[in-house]
Every structure is written in structure tokens, then in C-alpha cells.
Amino acid sequence: MAEAHQAVAFQFTVTPDGIDLQLSREVLKHIYLSGVTSWKKRAIRFKNGVLTGVYPASPSSWLIVVIAIMSTMYARIDPSMGMIDRIKTSLPVSEFMTVQTQTVLSAILFATGLWLSFIFLLRYILKALLSYHGWIFESHGKMSFSTKVWLSLVKLLSGRRPLLYSFQASLPHLPVPSIDDTINRYLESVRPLLDDEQYKQMESVANDFKKDPAPKLQKHLKLKSWWATNYVSDWWEEYIYLRGRDPIMVNSNFYTMDLLYVIPTHRQASRAANVVHAMLQYRRKLERGELTPLRALGIVPMCSFQYERMFNTTRIPGIETGNDIFPIFSALYTTYSFMYFNEGVNRASLEAIETAAFFLTLDDETHGYDPENIRSLDLYAKSLLHGKCYDRWFDKSFTLIVYKNGKIGVNTEHSWADSPIIGHMWEYVLATDCFHLGYTAEGHCKGDINKSLAPPTRLQWDIPKACQVIIEGSYMIAKGIADDVDFHGCLFNEFGKSLIKKCRTSPDAFIQLALQLAHYRDKGEFCLTYESSMTRMFREGRTETVRSCTCESTAFVKAMEDERTTVRQRLALFKKAADKHQNMYRLAMTGAGIDRHLFCLYIVSKVMDIDSPFLKQVLSEPWRLSTSQTPQQQLNLIDIQKFPKYVGAGGGFGPVADDGYGVSYIIVGEDLITFHISSKFSSPETVGQFQTVFLSATL
């Protein structure tokens with residue numbers, strides 16, 4: 001017990017003269033060292049906060065400006081054009097200083113103001129430069145002269161050693177698309193899914209919305225975009241995630257797998273120790289802001305705000321909406337919307353879990369990829385996504401799962417961040433675990449045991465019988481959800497990114513077209529398709545939807561199914577469909593998507609109590625094919641050319657629609673694509689069909 005360990009820290013006896021405290025010298029030493037460590041952390045955070053606050057300038061540049069101004073003053077040149085003299089006369093304590101001191105102080109104040117103005121000017125210029133997105137629409141391998149000049153300017157103004165949050169103040173705001181553009185793109189996206197009569201009806205409803213109330217809603221949305229940091233992200237988090245009343249297990253949380261082929265050690269405790277150590281190293285860098293910000297082309301910065309809630313964060317359930325707590329970065333939120341039965345022991349145990357860095361599960365099962373077992377990836381995925389329903393803390397920002405055979409994985413709560421964020425941490429952890437910390441020949445952790453660490457403490461619970469009945473009922477509901485999920489993992493190694501790029505095609509567009517073909521062969525029809533794209537080139541940007549089912553993709557699929565079409569015709573249609581998809585992806589990345597804009601217009605309409613048949617219909621359309629690409633090699637810490645077995649297996653999520661599929665994929669190296677396909681056993685529309693036709697569609 002923790003109380004027992006604390007009790008031996010000091011002893012006291014009651015004497016006639018009072019209480020005689022006998023403090024332990026060893027404990028006092030530990031208290032002193034803890035205090036020193038704490039102050040070191042504060043000093044480092046303060047230093048990095050200053051460096052981030054003045055970026056892209058540096059504190060040393062302030063000294064240079066001050067020296068330059070002072071030098072001109074001694075040369076009897078006034079670069080301030082009289083401002084230093086005006087500052088001198090305005091000093092509230094001028095009567096207590098000599099004339100020379102007043103002059104020096106006034107010059108320093110002027111230099112500081114000039115320096116701060118220079119910082120704001122640099123940030124404004126950098127923000128204006130980062131608002132340009134023409135480079136992303138240029139053909140791969142071809143770069144215009146104007147883009148080269150733009151890249152040079154961005155590189156020049158970006159500084160040499162940015163910290164994680166250095167670019168936040170320089171990132172542009174997410175723009176609000178025009179109503180006309182959004183409506184036109186929406187109608188174009190649903191055209192292949194509707195017959196002529198249905199399309200005319202939708203067109204009529206959309207045009208009515210465009211006349212009224214769209215202008216009124218758009219005006220309020222633009223007002224929010226000027227006031228808020230991001231006009232989408234806060235509403236997206238609240239209404240899509242925190243206000244969702246469905247269980248987040250399977251329906252919201254997602255998982256990430258271990259290295260595909262390698263298990264560094266088969267000792268569960270050793271793997272857990274190394275991985276936890278690597279995660280805490282990452283957290284230390286994160287707290288100090290010392291991680292390098294992710295940059296497209298190695299130059300264009302991505303928003304880093306999602307990293308803030310990675311550790312020490314828990315989703316707290318409420319009646320109508322949930323909340324997040326994040327004690328490392330803000331005050332500890334202690335008013336929980338949860339029934340504690342006024343039991344102090346339960347409150348203490350819950351607080352210990354909810355304020356912990358993350359949740360660790362030492363699983364008693366064995367999982368991982370086994371080439372001899374075709375179902376191994378399927379079972380591995382199901383275990384990571386829901387486990388036994390009671391051995392994961394699904395509300396925690398993430399749960400680290402370590403299996404009996406040393407295999408690991410992560411289950412992530414979705415409201416606080418998207419998969420690239422946890423993927424960034426996971427890449428660091430796997431590289432640190434395998435190539436820096438390592439294991440002995442017997443599979444144990446390297447190094448000596450720190451005997452000063454206190455042993456783990458068992459959390460105590462006092463659960464009334466009435467609550468136990470409720471918990472049992474909740475477990476049965478969760479078990480029903482878990483048992484209904486069907487998974488299939490597919491390792492496609494016939495070809496990969498290398499061959500696709502040689503064909504001058506985007507690998508993502510190629511895969512999306514293969515998915516369209518597979519779905520059509522499965523169902524004999526097309527469906528509304530969701531692909532997740534990121535908007536992190538904007539401040540606090542998260543995701544946007546790419547509607548992958550297009551007129552161009554359906555024309556290609558139909559041609560593939562028509563024996564009368566020639567190979568040349570099919571290739572031409574494929575090229576056209578791939579180009580269309582790539583253009584839509586670029587539009588989504590640059591803030592010109594469809595769905596987030598319509599979603600926010602819908603929220604405004606609900607707040608204003610305005611009924612919109614068009615928005616109701618749009619927001620109720622089911623995504624029967626939901627897809628997402630898992631990013632890899634964000635940090636490039638593992639050379640997969642040198643270590644080809646040290647590749648990640650990606651991750652996945654549950655199906656979004658009851659009668660639909662969830663498909664996650666990761667493009668690994670040059671010749672491997674891993675797919676994670678989910679559906680529900682309860683749906684006769686999906687049982688065992690899509691998995692069987694996918695490979696043939698890709699080939």
C-alpha cells in the first residue's frame with residue numbers, strides 16, 4: 001500500500017515537551033532531488049516557451065538589436081526619429097534616474113519594441129506565405145519557378161531549429177469555402193449515386209438551400225472563422241466525438257499494431273518496461289516542446305496542437321456530452337460527471353487512472369502476425385480494438401497493450417487526436433525500443449534495476465451490488481458489440497508503391513480506385529465513400545472528407561466490368577479517375593472540402609433553430625465504405641531499406657455503418673500494402689464477401 005511506504009518516511013514520538021519528529025535522511029535526500037528535478041523541468045519549459053514565443057526570431061537577436069540601437073546613439077544618430085526622447089520624457093521614474101540612465105533605458109525600450117514589431121512582421125509574412133497552396137497542385141516532380149521562390153522564402157523565414165510549437169502563431173486559419181463551391185462539389189459527388197430523377201430532386205433542394213437560409217448561415221460561420229482559431233475543430237470534437245452517445249469501443253476508438261515481422265523479446269515484462277520507458281522519454285520531449293515539428297516537403301509546417309493532450313488525458317463521461325481532462329497542460333479538472341457513490345476509495349482509484357500518463361494492459365493472450373495462420377491478423381486486430389471488453393480503459397487517451405508473447409499495440413480514444421498523432425509517438429517508441437534501448441541475449445532489459453522505485457500499488461474499489469448489476473449489463477452490451485465485429489487483415493505484396501509510382505499514379509488514388517472496384521464486385525452498386533484527409537497546414541486543423549466515389553471512378557469501374565472495353569480505354573479512364581481523386585484530395589487538404597463546411601452550416605442552423613431539409617439529408621447519408629490511410633515513416637527513424645523486417649503493420653477501426661465496411665491501409669516501403677478490413681457479422685450485406693473479392697480486384 002502507498003500509505004505504508006509513506007509511513008516509513010518519518011517517525012515521531014510524543015514526549016512531555018511535545019512531538020519529537022525523526023525524519024529519514026534518505027527520504028529528505030529524495031525530496032531534495034525531486035525538488036531539483038521539478039525546478040529543472042520548469043526552467044526548461046520556461047526557456048522553450050520563450051524560444052517558441054519569439055520564433056522565428058531568437059532571444060539573442062534582441063541583444064543584437066539593442067546593441068545596434070545603442071551604437072547609433074553613441075554615434076549621435078537617432079534611428080528612432082525622436083521616439084527615444086518621447087519615451088524618456090514619459091518614464092514614470094525619470095526623476096530618480098540620471099539623464100544617461102534615462103537615455104539607456106529609453107533606447108532599450110525602443111529596441112525591444114522594434115524587435116517585437118520585427119517578430120510580428122516576420123510572422124505575418126510567414127503566415128501570408130503559408131496561405132499559398134499552389135505548390136500542392138503542381139505535377140509530381142515538376143516545380144514552377146514561382147514555387148521554388150516561395151519555398152526559398154518559407155525556408156528563409158522558418159529559422160534553423162524550430163521547436164514543436166514554434167510555427168503555431170504563423171499558421172493560417174482554415175478558410176470558409178463559398179456556398180456555391182461547396183454546393184456544386186456536393187452535387188458532383190452524389191451524381192454517380194443517384195438516378196436522373198433523384199438527382200433533379202436533390203439539385204432542387206440544394207438550390208433552394210443556396211437561396212435561403214445558406215447566406216444567413218454562411219455569414220455567421222464567417223464571423224466565427226474570424227474570431228475562432230479554427231471554425232471547424234471545436235465543433236467537430238464536441239458534436240462528433242464528445243456528444244456521441246454510442247459506446248466508443250469499436251464505434252470510435254482505433255488501434256495501431258506492432259512491427260509486422262519482428263518481436264524484439266518474448267518476455268512480456270521486459271517489452272512492457274522498455275516501451276513504457278520509451279513513451280516517457282517521448283512525453284518528456286513533448287512537455288518541453290523539443291520534438292521537431294512535422295513539415296511537408298521538409299519545409300511547410302503542420303499544426304502541432306493535437307499533441308498537447310496525448311498524455312495524462314481522459315475522456316470523462318457525462319449525460320449529454322463528455323469532457324477531456326489534461327492536468328499536465330492545464331489545471332486538473334475534478335468535477336467529474338460520474339457516480340462515485342460518495343466513496344473516497346473509488347474516487348481515489350478513479351483519479352489515479354484518469355490522471356495517469358496512459359493505461360497499460362498486460363494481456364494474458366498471445367497475438368501477432370503468423371504466416372502459418374491466415375486468421376492471425378484478424379484476431380490481433382479484434383483484440384486491440386476491444387479485447388475482452390473489460391481489460392482496456394477506452395476513455396483514456398490511449399491504452400498500451402502488451403501481450404504474453406511480447407507483442408504490443410495501442411488502442412486510442414479518438415476525440416483528442418487523429419491517427420497521425422499517435423502514429424508519430426508510436427514510430428518513436430518502436431525505434432527507441434528496438435535500436436536504442438534493446439535487450440540482452442536472454443530477452444531482458446539492459447541496465448541495472450532502480451531499487452529506489454516504490455512497488456506498484458493495487459487500486460481499491462468498493463462497488464455496491466446495485467452498481468455491479470449495471471456494470472454486468474453494460475458488459476453484456478459491450479460483448480455483443482465486440483462479438484459482432486468481423487476483421488480481415490490482408491498483406492498485399494504482389495507490388496506496391498514502387499511500381500505504382502513508375503506508372504505515374506498516386507498510390508493513394510490507385511488504392512481508392514481498387515476499393516471502388518472491389519466494392520462494386522461485392523455489391524453490384526456504388527456507395528458514398530469516405531476517405532480521411534488532413535487539414536493540418538492550418539492552425540488547429542484536423543481532418544476533411546474526400547468523397548472517393550466520383551463520376552470518373554464509376555466510369556472506370558464499369559469499364560473494368562465491361563468485356564467490350566479495350567485495355568487502352570480502361571487505362572485512359574483509370575488515369576482520368578486517378579487525377580480526379582488526387583485533385584479532390586488536394587482540395588480537401590487546402591480547406592476547399594465539402595463535408596466540414598456543410599457540417600458547420602448544420603450546427604449553425606440548429607443553434608439558430610432554422611430547419612434545412614438539404615442539410616438534414618446531407619448529414620443523414622450513411623458512409624457504407626469508410627477508408628483511411630495510416631501514415632508511416634513520419635520521423636524516418638528506422639531505415640527500412642537496411643532493416644526490411646522492421647516495418648509497421650498499421651492499424652484500423654470498426655465499420656462506420658452497420659451494413660458497411662471500414663478499410664484502413666498502410667503503404668509500407670516499396671512493395672507492401674497492408675489492409676485492415678472491418679464489417680459486422682449481423683449484416684447479411686457484408687459477411688465474408690468484401691474480403692474475398694478485394695484481392696482479385698486489386699490484381
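This note sets out, point by point, the main features of a predicted model of a single protein chain.

1. Overall form. The protein chain contains 23 helices and 17 strands. Its radius of gyration is 29 Å, close to the 27 Å that the globule rule gives for 699 residues, so the chain is as compact as a globular protein of that length. Taken along the principal axes, the box filled by the C-alpha atoms is roughly 95 × 75 × 60 Å.

2. Burial and contacts. Of the 699 residues in the protein chain, 47% count as buried. Contacts were also considered between residues at least 6 apart in sequence; of these, 74% join residues at least 24 apart.

3. Surface and charge. The accessible surface of the protein chain amounts to about 35700 Å², and carbon and sulfur atoms account for 58% of that area. The protein chain carries 75 positive and 71 negative side chains. The centres of these two sets lie 8 Å apart.

4. An unreviewed UniProt entry places the feature "transmembrane region" at residues 50-75 and 104-126. In the model, the span 50-75 is 77% helix and 0% strand, with its end C-alpha atoms 32 Å apart. The span 104-126 is 100% helix and 0% strand, and its end C-alpha atoms lie 33 Å apart.

5. A cis bond at Pro56. The peptide bond joining Tyr55 and Pro56 is cis, with omega at about 15 degrees. Pro56 is located in the loop between helix H2 (25-53) and helix H3 (59-74).

6. The annotated active site. For "active site", the unreviewed UniProt entry lists His414. In the model, His414 sits in the loop that runs between strand E10 (408-412) and helix H15 (419-437). His414 has a relative accessible area of 18%, and it counts as buried because this value is under the 20% cut-off.

7. Surroundings of His414. Neighbours within four places in sequence are set aside here. The residues in contact with His414 are then Tyr241, Ser252, Asn253, Phe254 and Arg542.

8. A cis bond at Pro213. A cis peptide bond also runs from Asp212 to Pro213, with omega near 15 degrees. Pro213 lies in the loop between helix H8 (196-211) and helix H9 (214-227).

9. Backbone of Leu297. Although Leu297 is not a glycine, it has a positive phi of about 60 degrees. Leu297 belongs to the loop between strand E4 (295-296) and strand E5 (300-301). Is this residue buried or exposed? Leu297 has a relative accessibility of 53%, and it counts as exposed because that value is over 50%.

10. Backbone of Asn636. Asn636 is a residue other than glycine, and its phi is positive, near 55 degrees. Its place is in the loop between strand E14 (625-629) and strand E15 (651-653). With a relative accessible area of 56%, Asn636 is exposed.

Terms used
Residues are numbered from 1 along each chain as its sequence is written. This is a predicted model: local features need pLDDT of at least 70, side-chain atom pairs count only at pLDDT 80 or more; totals for chains, interfaces and linings use all residues. Side-chain values use heavy atoms; hydrogens and water are left out. Helices (H or I, at least four residues) and strands (E, at least two) are DSSP runs, numbered from the N terminus. The radius of gyration is taken over C-alpha atoms; the globule rule is 2.2 Å times the number of residues to the power 0.38. Buried means under 20% relative accessible area, exposed over 50%, partly exposed in between (1.4 Å probe, protein chains only). Contact means heavy atoms within 4.5 Å. Accessible areas come from the Shrake-Rupley method with a 1.4 Å probe; for residues, only the protein chains shown count as cover. Lys and Arg count as positive and Asp and Glu as negative; His and the chain ends are not counted. The place of a charge is taken as NZ of Lys, CZ of Arg, CG of Asp or CD of Glu. UniProt positions are given in the numbering used here, feature names are shortened, and annotations may be inferred rather than shown by experiment.
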